[in-house]
Structures are given as structure tokens and as C-alpha cells.
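Trainee: Could you take one part of this model and go through it closely, in a single connected answer?

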Amino acid sequence: MDTKNSLITFGQKLEPIDVIATEPDWVQARPTWIERALNRALELPSGGWYVVGASRDIRNRPRRYRIDGREYVAWLSRGQPKVAPDACPHMAASLADGSVRNGHIVCPWHGLALEGERHGAWFPLPTFDDGVLVWVRLGSEDTATAQPVLPNRPVRYLDTVIRKDARCDPEDVIANRLDPWHGVHFHPHSFARLNVIEQTEDSITVRVVYRVFRRLGIEVDARFHCPEPRTIVMTIVAGEGTGSVVETHATPIDPGRTAIIEATLATSERPQFHVLIGTFGGLLRRLVGWRAQKLWAEDATYAERRYALRKGKA
Ligand code: FES
Ligand SMILES: [Fe+2]
């Protein structure tokens, strides 16, 4: 059966488009454009900020994170996330193995209680909670900014955050998402039809049919761009869910290891949307998270192969 012609799409009808090219996707794909757009992204300032994880994961018990070759501990202190080196200033015990009491992180070895203040050489790092993700600022003060570069987000949304670790560097994750031409072939369960409708030096817009279930799909226009070197954002610019964003953040763990932390912020103009969130929010989050994990299970192999080729290991 010709699946393209048998597709059923629902939602707002989009204006007809001039398809830029009708060649097969592998001919349309522009590796040189991907590399150029990637290099432009890598030169953008980050202000020293790295995504740590989902805000809702940082609670009243310590959590260990490894970022750029070092261990950190995160916890919630009087409603504010804190991130600090995961080594007690007394005798270097792992604070992530301790507990949180009255906003203090308490060392498991001799009970030293630390809050948001410096203690000797130990001090919590600048931390920013954007409401969905927690960021930490690392590295040199010279280029540091007060806040991370945040993408535009919808006012009201249902948010889902997933994490997937991959054997690659952050740039391989960004490069994967700068290649829309692989979508229909590599993820046939999720994308049914895809055309590039606009391409600038640092953004690419596609008209894509996103498969909801088998032949049932939603057609939207989606734009990809990088606001900073370790983030690529997909924004729905026309069709169902306009204003929704998928932020893919690539946080280095160690050289050749990266945490892909992806936040989906779904929105809709439909009045039923808020009722739906209120009633089925938990279920929808699990569904969106499951689909995002499925895509990244595949895209991680793409990013890992790109990394291996760059490093001469393939
Ligand atoms: S190592 Fe933490 S209190 Fe001694
Ligand atoms: Fe992909």
C-alpha cells in the first residue's frame, strides 16, 4: 500500500507549500549545511551554563550528577535547587550518599551540615531553575553570564523531560538534530512525510507529518535552531500545537560521553487542552516521554556513529 497517499491527517489545514526539491531525501540532504550550521552554533556563547536535569527530579534527597568530568550533588534547599561539588569539605565523603535536613545537606560520615554557604574550599555553584530544567554555571568567570540562554517557551504547557546517555560529544547530538532528512527513513514509526520548506544559515524549517497512530498523523511546520552551543530547539511554527517546543540539551559527562536531556513543552490553542492536562497530565507525560525515548534510542546510534567516525574508531 502507498502509505503516503493513505495518510489521514487532522488538525488545522496548512497552506500549500512549494516543495523545494523532489529528489530523494539522501540527495536533498546537505551535509555541508549541517556542518556549517553546527560550527555557527558551537561558536555561540553559553555563559558557562550546563543543564543538570529536570527541576522536578531535584527534591529533598541528594542526587549525584557528573558534568564535564566532575561529580556534583544537587538537592532542594527551602524550595531552591542547589548544586555543589560532591565531596565533603571535611574528609571528602560523597554528599550524594548523605541526606537533606532542614534544607542542609548532611554528610554521611561525620554529620557536617552544609547549606548554601561557602565552607572552606567547598561552595555551591551558581544555579538557575527555569521552571522545567535546572542549570549550573561552571568554568571561568570571564565569560560567565547571570542566566543561561533560554529558548522562547509557550506560556502554558505540559512539560516532559527525558534523559538518555550516549557515547559521543555534545556536538554529535546537535548535528543529529540539524539533519531532518533522516527523519522519515530512520524513524518511520514517528514521521510519515517530510519536506524542507525553508533553510537559512542557522535554522531549518520542515513540513512534517507526525504519526499519531499508524496512518493517522498531524501535519505541522517545525523550525530547528540553536540558541547556544549545547542546545537545539524545535519549535512548532504552524499547525496543531503552534508554539510547542522540544529543547534538546547536550550536557557533557566526560570526553566521549554525553547526557541528552530533552524537554518537551506541549501547548495548544484548543480549549480542551487545559482540561486534558488537568485530567490526564500524568499519562500524557508518560506517553510523550516514551516517544521521546524511542526517538533518542535511534538517534543516539546516529550521534555515536558520528562521534566514532570523527575519532577514527569506526
Ligand atoms: S567527611 Fe563529611 S563530615 Fe567528615
Ligand atoms: Fe532522528
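Mentor: Strand E4 (residues 70-77) is joined to E5 by 6 bridges, and the two run antiparallel; strands (E, at least two residues) and helices (H or I, at least four) are DSSP runs numbered from the N terminus, and two strands pair if DSSP finds at least two bridges between them. The model is predicted, so that local features need pLDDT of at least 70 and side-chain atom pairs count only at pLDDT 80 or more, whereas totals for chains, interfaces and linings use all residues. Residues are numbered from 1 along each chain as its sequence is written, while chains are lettered from A and ligands numbered from 1 in the order in which they are written.

Within this pairing, leucine 76 stands opposite proline 81 of E5. E4 and E5 belong to an open sheet of 3 strands, ordered E3-E4-E5 with antiparallel pairing, whose edge strands, E3 (63-67) and E5 (80-85), each pair on one side only. From one strand to the next, the twist averages 35°.

Elsewhere, helix H2 (residues 31-42) packs against helix H3 (residues 170-177) at an angle of about 130°, their axes being 10 Å apart; axes are lines fitted to C-alpha atoms, for helices over the stretch in contact, and angles run from 0 to 180 degrees between N-to-C directions. H2 and H3 are therefore oblique to each other, the class left after under 35 degrees (roughly parallel), over 145 (roughly antiparallel) and 65 to 115 (roughly perpendicular).
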